[in-house]
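I hope they are handy beside your own viewer.

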Amino acid sequence: MHINAHFDGGNIVTKAAEKPSDIRLEIRMDEGGEHGQWFYFQLCGLRGQPCTITIENAGDMSYPKGFEDYGVATSTDLEHWFRTSTTFDGRSLRWEYTPTTDSTWFAYFAPYGYERHQRLIGHALAAPGVRAEVLCPTPDGHALTLLTFGEPATDRKVCWIIARQHPGESMAEWWAEGFINRLADPEDAVARALLERAVVHVVPNMNPDGAVRGHLRCNARGVNLNRAWKDPDDTDSPEVYFTRQRMHETGMDFFLDVHGDEALPYNFVAGGEGVPSWTEAMNQELQAFKNRLAAISPDFQTEHGYPVSPPGSSDLRKATDYMSETFGCLAMTLEMPFKDAANQPMPNIGWSPGRCQRLGAACLDAIWQTLA
Ligand SMILES: [Zn+2]
């Protein structure tokens, strides 16, 4: 038997692996020690042997409720991911699995690796009129890359879309891939029409260091980037500092920040309702976007989500609140589930890479209609 997490995005600590019936593991916390929940590891050499796998510190993680009614993402080829059902007693997360091959991977959600990230940028750059710009080197030395689609013009709106501030929310980059592949398709009439109306800036992975390190929420300096927008630091949160600087240069008419939610089994949008400058017109724009997206994609819904922030409760350290208040534009956080979309359940795969990609493609329609 061999268990390891020594690869891009890997995270596990082996506590006991003498018997397949009693494999005990722990999740390693993010830099800074405050957050943790992401795991991703390989189990080798147990073909045909019933295994019981326990993550002993699951109850100490950032969102224990994320492990209730949860199925672990499982793959034998890193292409196809299915779910294996788990039990959670408030302390330990446990599942049983009999490997069908000599190598099985388990992850909190289907991983989106750095090499795929680079291929995504390469694919986008093959399309006409697309530019890639390195906003900064990250603390670990990765390139923080901004893709820009379309030419700025006085009569064109400026859209900003960022994904994966929280690196364990790999669904955000699967979403970005679906969105970018459609936007980069010159044969897609909606993509062409959108780029007549708007220039679209996309940062498909705001936190490559955290993603490669196997973090849930923080960058290499232990900073939760979605608490850094009000006062970013060019050393500790350069990902936000330099992205924000570029946003102020271009201005902004539309903003979407793509995330995953550990606990809620739904796709939903949260707005900037709590900011001081919130108006009824902004609320109507927000509701209209949500209704459009729900009409386009049945995987999206408007009934379940976070409680609406009451007036004056904003947190300008969060991207959506900062953009709402600073630019006065429609600014939203899109949340996708780690579990499944309970309004359209698919228990075998749960919320999956393919469903993320298709929701990303659907958002292109909603944005185009919003800017019409
Ligand atoms: Zn998040």
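**Notes on the zinc site, the pockets and a few loops**

1. Helices (H or I, at least four residues) and strands (E, at least two) are DSSP runs, numbered from the N terminus.

2. A word on provenance before going further. This is a predicted model, where local features need pLDDT of at least 70 and side-chain atom pairs count only at pLDDT 80 or more, while totals for chains, interfaces and linings use all residues. Residues are numbered from 1 along each chain as its sequence is written, and side-chain values use heavy atoms, with hydrogens and water left out.

3. Back to the zinc geometry. The protein donors are H166 (ND1), E169 (OE), E169 (OE) and H259 (ND1), at 2.1 to 2.4 Å from the ion. Donors here are N, O and S atoms within 2.8 Å of the metal (3.2 Å for Na, K and Ca), and water is not among the atoms, so sites may look incomplete. The 4 donor atoms subtend angles of 57 to 147° around the zinc ion, which makes the arrangement irregular. For the cut-offs: four donors count as tetrahedral if all angles lie between 85 and 135 degrees; four count as square planar and six as octahedral if opposite donors are over 155 degrees apart and all others between 65 and 115; anything else is irregular.

4. Buried means under 20% relative accessible area, exposed over 50%, and partly exposed in between (1.4 Å probe, protein chains only).

5. Next, the open space. The largest pocket holds about 660 Å³, and of its 36 lining residues A270, Y306, K318, T333 and E335 are the closest to its centre. At least two lining residues come from each of strand 15, strand 16 (268-270), helix 6 (280-296), helix 7 (319-327) and strand 17 (330-337). The lining counts 9 nonpolar, 15 polar and 12 charged residues. On a 1 Å grid over the protein atoms alone, a cavity is a set of points where a 1.4 Å probe fits but cannot get out, and a pocket is an open set with protein on both sides within 12 Å along at least five of seven lines; lining residues have an atom within 4 Å of a point. Grid points are joined across faces, edges and corners, and a volume is the space filled by probe spheres set on the points.

6. The second largest pocket has a volume of about 520 Å³. Its lining has 19 residues, with L78, W81, P111, R116 and W174 the closest to the centre. Helix 1 (114-125) and helix 8 (353-370) are the elements that give two or more residues to this lining. Domain 1 (2-107) and domain 2 (114-370) each supply at least three; the domain bounds come from an automatic or database domain assignment.

7. The largest cavity has a volume of about 80 Å³, and G9, W38, Y112, R164 and A211 are the closest to its centre of the 14 residues that line it. Domain 1 and domain 2 both contribute to that lining, so the largest cavity lies between them. The second largest cavity, of about 50 Å³, has a lining that includes W81, F109 and W351.

8. Finally, some loop residues for your checklist. D69 has a positive phi of about 55° although it is not a glycine; it lies in the loop between strand 5 (51-55) and strand 6 (71-75) and counts as exposed at 76% relative accessibility. L78 also has a positive phi, about 60°, in the loop between strand 6 and strand 7 (82-85), and is partly exposed at 36%. Most residues other than glycine have a negative phi.

How values were computed: Nonpolar A, V, L, I, M, F, W, Y, C, P; charged D, E, K, R; others polar.
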